[in-house]
Every structure is written in C-alpha cells, then in structure tokens.
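Reader: I am new to reading models like this one. Could you walk me through a few features, giving the general idea before each case?

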Amino acid sequence: MNWFDTAEAYGQGQSERTLAHALQSAGKSDGEVIIATKWWPMFRFASSIKNTIEDRLSCLENFSIDLHQVHQPFSFSAVPSEMEAMADLVAAGKIRAIGVSNFSASDMGRADRALHRRGLFLASNQVKYSLLDRRIESNGILATAKALDITLIAYSPLEQGLLTGKFHRNPDLLKELSGLRKWMPSFRTRKIKRSLPLIEALEEIGAAHGVTPANVALNWLVHFHGETIVAIPGATKVKQAADNVAALNFELSPKELSRIDQLSREFRYG
C-alpha cells in the first residue's frame, strides 16, 4: 500500500501528524507515497483553504499533498470560490490534484466546470459506497463521475465490518456494538437477516478463490464499474490491512460479478 487518506478534521491534524511519523519510522520519504488530505469547510470561507495549507504541510512534516479535498459541501463560500482557491494552490505548487468529498452530482459538476476555467479538472469525489449502500447508482453521482471522468473514492466499503460476515455468523456481537455502528440501519437484526443471502454468496465465492468475504466485497467494488471506483477500507490491525491488500490478488468472473450485483441491488441503504 502506498496511498493514504487523512484529513484536517481527524483529530485536528493529529491523524496527519501520526501518518507522517509512521511513514518516517518506516523509512519512507516524500515521493514514495501518495497522500490525500482534506480541508474542513464548516463555518469557513474559501480563503481558509490557502490560509491553512501551511498547517497541513506542517502536520504532514512536509510530505507532499498529492490530493487536497474539500471535506464536505457546507461552507460560507460557493463551490466555484473553493475551486479557485484550490487552483491557486496547484499553481503555487502546494498540492498536485483537487478533490471533494460527500458532494452531490450537481455540486461535483459545478466544481469540475470551475476548475476547467483554470485549465484543471476535478480528480475525485469521496463518497460512501458499499454492497449494502448503493445510493450513488441512483442519485446521479456515479453517472456524473463516469461522464466527467472523475474517480469516486469509496469510504466504508466494508460497511463498518458488516461485509466481513462476522456479525452474521455470530449475531451476539451486535450487542457489543458502540459508536457509529450502534445506530447504523445495516446493523439492525432484521437487516442482518435480510443481507444474509448476500453474505453467504460472498463466503461461497471467497471459498472458491481461497479468500475472505471481505476480499470479494472489495474486489467487486473496485472492478464492477470499470476504472471509476477506488476504495479506502479502514484497518485497526495489521492483519486487517494485509487482508485488504489481498482483495487485489484474484479475479472475479463476469458470472460472479453479476451474481453479487443482483443479490445486493436491493440495498440502496441499510
């Protein structure tokens, strides 16, 4: 793995500092890794993008910012103003590419058009997407991304661990949920039962390839829509990180891709 996604809002820069320290400890230098971070727009104007860039670079201990993203679509400035500020950073050599996160199809298009006026383009939109949350397929985001050649970065691609199958195999784990997962619709008992046929298919297909259900879910996500989707699965343990990488070591057949698609189509969310 050589691509890492972080953000200003993750611990007010602590995630960026921790990432930089980890990379340095691993003997990595600038240019050997790709780093994406995000500007937090809430209660701020577009001018904050340029005013805080040195803070971002300082937290990253001068590792380059390959992709700088607007974290969400709500700020005191319009999307074109934010893109102008981002374009200025590209011109100044402070960042290499521009992205957004959680933007609607219309806002994504608006951002791309604003950047075209500066001879640039919108590289990416980071959105929630998994086999159990396929809303981007019906709300215009996926279609717009394909039309404009914008990469979609899928966060929560394993639906907070639900697509590993562990909660289906051991429902008692649902009683131990905390934080965000405790309130997610996908983790309700009736939803677990409803998604069981999909999990069973992931397990069956995984067994045929000698991989895990999570591997199959990630592999489907990054291949079913061609080159449009990339995924950023989280990991809190070394084993989980290694397991995520293993998702790229096999190829699903067209029949397997279609079967997974059909079983998961009902899950627009939860």
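Reader: Leaving aside neighbours within four places in sequence, which residues is Glu256 in contact with?

Author: Contact means heavy atoms within 4.5 Å. Setting aside neighbours within four places in sequence, Glu256 is in contact with Ile205, His209 and Glu251. Before we go on: this is a predicted model, where local features need pLDDT of at least 70, side-chain atom pairs count only at pLDDT 80 or more, and totals for chains, interfaces and linings use all residues. Residues are numbered from 1 along each chain as its sequence is written, and side-chain values use heavy atoms, with hydrogens and water left out.

Reader: Where is Glu256 placed, and is Glu256 buried or exposed?

Author: Helices (H or I, at least four residues) and strands (E, at least two) are DSSP runs, numbered from the N terminus. Glu256 has its place in helix α12 (residues 254–264). For cover, buried means under 20% relative accessible area, exposed over 50%, and partly exposed in between (1.4 Å probe, protein chains only). With a relative accessible area of 17%, Glu256 is buried. From C-alpha to C-alpha, Glu256 and Ile98 are 35 Å apart in space, and they are 158 residues apart in sequence.

Reader: Ile98 has come up now. Which residues does Ser124 touch, not counting residues up to four places away in sequence?

Author: Ile98 is one of them: Ser124 touches Leu67, Ile98, Gly99, Val100, Ile150, Thr151 and Ile153 on that count. Ser124 sits in strand β5 (residues 124–128) and is buried, at a relative accessible area of 3%.

Reader: How do I read the packing of two helices, and at what angle do α9 and α10 pack?

Author: Axes are lines fitted to C-alpha atoms, for helices over the stretch in contact, and angles run from 0 to 180 degrees between N-to-C directions. Angles under 35 degrees count as roughly parallel, over 145 as roughly antiparallel, 65 to 115 as roughly perpendicular and the rest as oblique. Here helix α9 (residues 196–209) packs with helix α10 (residues 213–223) at an angle of about 95°, and their axes are 8 Å apart. The two helices, α9 and α10, are therefore roughly perpendicular to each other. On the α9 side the contact is made by Leu202, Glu203, Ile205 and Gly206, and on the α10 side by Pro213, Val216 and Ala217.

Reader: Next, salt bridges. How many does the structure hold?

Author: A salt bridge is a side-chain nitrogen of Lys or Arg within 4 Å of a carboxyl oxygen of Asp or Glu. The structure holds 18 salt bridges. One joins the side chains of Arg44 and Glu8 (2.9 Å, N to O). Arg44 lies in the loop between β2 (34–39) and α2 (47–51), and Glu8 in the loop between β1 (3–5) and α1 (14–25), so the pair ties together parts that are 36 residues apart in sequence. Arg44 is partly exposed at 23%, while Glu8 is buried at 11%.

Reader: And what about the side chains of Arg56 and Glu16?

Author: They also meet in a salt bridge, at 2.7 Å, N to O. This pair links distant parts of the chain, 40 residues apart: Arg56 is in helix α3 (residues 53–59) and Glu16 in helix α1. Arg56 is buried at 3% relative accessibility, and Glu16 is buried at 0%.

Reader: With which residue does Lys128 form a salt bridge?

Author: Its partner is Glu159, with the closest N and O atoms 2.8 Å apart. Lys128 lies in strand β5 and Glu159 in the loop between β6 (151–155) and α7 (166–169), so parts 31 residues apart in sequence are tied together. Lys128 is buried, with a relative accessible area of 16%, and Glu159 is buried at 0%. As for networks, salt bridges that share partners join Glu8, Glu16, Arg44 and Arg56 into one.

Reader: How should I read a positive phi?

Author: Most residues other than glycine have a negative phi. Glu61 is not a glycine, yet has a positive phi of about 50°. Glu61 lies in the loop between α3 and β3 and is partly exposed at 38%. Asp149, also not a glycine, has a positive phi of about 60°. Asp149 is in the loop between α6 (141–148) and β6, and counts as exposed at 67% relative accessibility.
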